[in-house]
Amino acid sequence: GTYSMSLYAGAYDILISFEGTSYTAATGVSITANSTRNFTLSTAQATLSGHVRDSGGAGVDKISVSASSVSPDGSFISGSAVTAADGSYSIPLLSGTYTVGINNTCMPMPPDFSCPPPGPSYSTSVSNISVTGATVLDFTLPPIVILSGKVSDANGIGVAGVSLSANTTCCIPLSSNTATTGTDGTYSMSLYAGAYDILISF
């Protein structure tokens with residue numbers, strides 16, 4: 001259980017990570033010479049679990065779920081997980097009040113290190129989630145729809161190779177996707193239902 005690290009002299013916050021939970025063990029620790037600092041590990045006192053489902057109720061795998069909490073004194077607690085094949089997740093945490101977020105940016109994970117086919121990005125979060133004991137929090141993704149059309153010049157002729165990007169207009173949730181027009185100027189992209197700003201680049 002011993003540790004050692006080299007540091008430049010200064011004031012430091014000490015963060016401990018263990019079994020999926022990270023937390024601030026000490027803040028503003030002044031280290032000006034060789035020092036010894038012992039810590040007693042705070043093990044998880046609670047569990048945040050639930051499911052991430054699509055608009056039809058089916059579980060969605062490989063969704064990142066994170067929980068974080070920052071105290072007024074700057075102390076930090078966090079934990080994260082990736083949904084299983086049935087959309088379920090479980091995060092061990094210290095009891096507290098958290099902001100919990102999800103995003104579908106795939107991080108290749110064992111055992112198969114695979115990711116779903118590229119599609120629209122999506123992230124959202126909810127605040128002030130009290131986690132004590134066994135706490136359940138589920139998420140439901142919006143339906144996925146198709147935006148399609150054609151980019152033409154002033155003469156009505158389709159223009160190939162035009163880049164289009166769609167980004168949610170404001171705030172949370174955040175979602176985006178891109179497309180490029182084909183030889184006839186047409187394009188198609190999948191999007192989570194919502195309000196978007198469309199950017200054209202050529």
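Line the largest pocket by class and you get 9 nonpolar, 8 polar and 1 charged residues (Ala, Val, Leu, Ile, Met, Phe, Trp, Tyr, Cys and Pro count as nonpolar, Asp, Glu, Lys and Arg as charged, and the others, Gly among them, as polar). This is a predicted model, where local features need pLDDT of at least 70, side-chain atom pairs count only at pLDDT 80 or more, and totals for chains, interfaces and linings use all residues. Residues are numbered from 1 along each chain as its sequence is written, and side-chain values use heavy atoms, with hydrogens and water left out.

Back to that pocket: 18 residues line it, and Tyr3, Met5, Leu7, Ile31 and Ser35 lie nearest its centre. A pocket here is an open set of points on a 1 Å grid over the protein atoms alone, where a 1.4 Å probe fits, with protein on both sides within 12 Å along at least five of seven lines; lining residues have an atom within 4 Å of a point. Strand β2 (residues 21–31) gives the most to the lining, with 3 residues; strands are DSSP runs of E, at least two residues long, numbered from the N terminus.

β2 also belongs to an open sheet of 9 strands, paired antiparallel in the order β1-β2-β5-β4-β7-β8-β13-β12-β15 (pairing takes at least two DSSP bridges between two strands). At the edges sit β1 (10–18) and β15 (196–201), each pairing on one side only. Look inside the sheet and you'll find β4 (residues 64–70) joined to β7 (residues 96–103) by 5 bridges, running antiparallel. Serine 66 has glycine 101 in β7 as its bridge partner.

Technical notes:
Helix = DSSP H or I, 4+ residues; strand = E, 2+ residues; numbered from the N terminus.
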